[in-house]
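Look at the model first, then read on.

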Amino acid sequence: MDDRATIKVVDVSGDKFFSLDDIAASVGTNNIIIGTGADAHIRVENTKVSEQHGCFYKHNGMWAYRDMGSNAGSSVKGARIESTWLANGMRLVLDSRLNLDSLVIDVTIQINTGRQLLPGETPPEGYMAGYNPNPAFSGASGGAGPRMGFGGDRYGNRAPQFAGSLNLFGLFAGILWGILAILNLVSLVRSYNSVSPTMQYIGGFYNLLFWIMMLGLLGTAAGCGILAFGLFTYNKDVMSKGALVLAAGYTAVVVAVLILLTELTGGLFAFIFANVEIIMMIIAIILMPVSLFSQSNNFRDHRDLSKIGSRFYRPVLFYGISLLLVIIAALSASNKYGVSLGISDLMPSSGVWVTIAWVGAVALSGVYIHIDEDPQLAARFKLGR
């Protein structure tokens, strides 16, 4: 007599129990697909689970499981697996390791076969080769087996894993960060070509500040690019590191520009922005890097699966207050001294459109994190498989 297996799926809508044998009898096959796809035999809701994530199947009367080339992978006891026999009391995780947002499957098996498993024994490697329970699914999640994907690594991941669990807002955030990376590189080249000869002639402390500003622009561009790549590939570790590089690079630019303006203008700088205006400008200059470091912290916590709650809006708030103070300071100084000052005259910015792109990228990144932390919202706005 064959073994009989029951699984408990811990889902966002509550725990659900499934009898693999009853499902096999109803669909007429011993190959049962679990995933988020509409045609999966066991359909679940989780942003890390692929449309065809894995397959439960019977071999010699015993139930086994095989990962079907999913993005996140499958694991047992913290070890990533491609296939495994099911055992009573086993906890199967549809993720490369158990995390707070991983989908967990608890297995209960009534053993009726007389055959005993050897330690470390796994199901036959070739048993699932070429199997496709639904021809219409062909290629939907990289084919049937773990080595039959569109290319990529040994687990069948696509390269890059575009939109593995990326949501719509993350996509637009990534596009904006990518554009900002290019714009910062352009600003770096222009600044170097226009200012470098003068700074080399002056030399000394001014030349040092110039090179700090250049390195800051390079770090800002690199951070934007890394962050965009992390979003496009849904790699949270890359996202957090890119945000940190971006925050550090931007801070270097702001500090260098502020010191350079102070040194070059001397008393004139303090005169133009006397009293209230200079205080507002100092606060604005401080808040802009604070906004980016707050964004970096959100990405880091998101990577570590610590729920950030409502903190996703803080970077936008800091950045918005900073821009508001700059506008007020510019208008106040213009009225006092009869000069025409704009945001681009006061802050290291290439213009209004760059400023709008910054605000948009920061805001969309916050919305992306907020949605990605909510499984139901993530499933609604999810791109790709």
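We start with one crossing of two helices. Helix 6 and helix 9 cross in a left-handed sense. The model is predicted.

Helix 6 spans residues 276-303, and helix 9 spans residues 352-372. Their axes lie 11 Å apart, at an angle of about 25 degrees. Angles under 35 degrees count as roughly parallel, so helix 6 is roughly parallel to helix 9.

Who makes the contact? Helix 6 brings Ser291, Leu292, Gln295, Asn298, Phe299 and His302. Helix 9 brings Trp358, Val362, Ser365, Gly366, Tyr368, Ile369 and Asp372. By type, the residues of this contact divide into six nonpolar, six polar and one charged.

**The cores**

In soluble globular proteins, nonpolar side chains tend to be buried together. Here the largest nonpolar core has 32 residues. Trp177, Leu180, Leu231, Phe299, Trp358 and Tyr368 have the most contacts inside this core. Phe299, Trp358 and Tyr368 also belong to the contact of helix 6 with helix 9.

| Element | Residues |
|---|---|
| helix 6 | 276-303 |
| helix 9 | 352-372 |

Which helix gives the largest share of this core? Helix 9 does, with eight residues.

**A residue in helix 2**

Phe172 lies in helix 2. Is Phe172 buried or partly exposed? Its relative accessible area is 43%. Buried means under 20% and exposed means over 50%, so Phe172 is partly exposed.

Phe172 and Gly360 are 188 residues apart along the chain. Their C-alpha atoms are separated by 9.0 Å.

**The whole chain**

Now step back. The protein chain has 10 helices and 11 strands. Of its 385 residues, 49% count as buried. Among contacts in the chain with a separation of 6 or more, 62% join residues 24 or more positions apart.

Notes. Residues numbered from 1 in each chain as written. Predicted model: local features only at pLDDT ≥ 70, side-chain atom pairs only at ≥ 80, totals over all residues. Heavy atoms only, no water. Axes fitted to C-alpha atoms, helices over the stretch in contact; angles between N-to-C directions. Helix = DSSP H or I, 4+ residues; strand = E, 2+ residues; numbered from the N terminus. Parallel < 35°, antiparallel > 145°, perpendicular 65-115°, else oblique. Left-handed = near helix turned anticlockwise from the far one by under 90°. Contact = heavy atoms within 4.5 Å. Nonpolar A, V, L, I, M, F, W, Y, C, P; charged D, E, K, R; others polar. Core = buried A, V, L, I, M, F, W, Y, C linked by side-chain atoms within 4.5 Å. Buried < 20%, exposed > 50% of the residue type's maximum accessible area, 1.4 Å probe, protein only.
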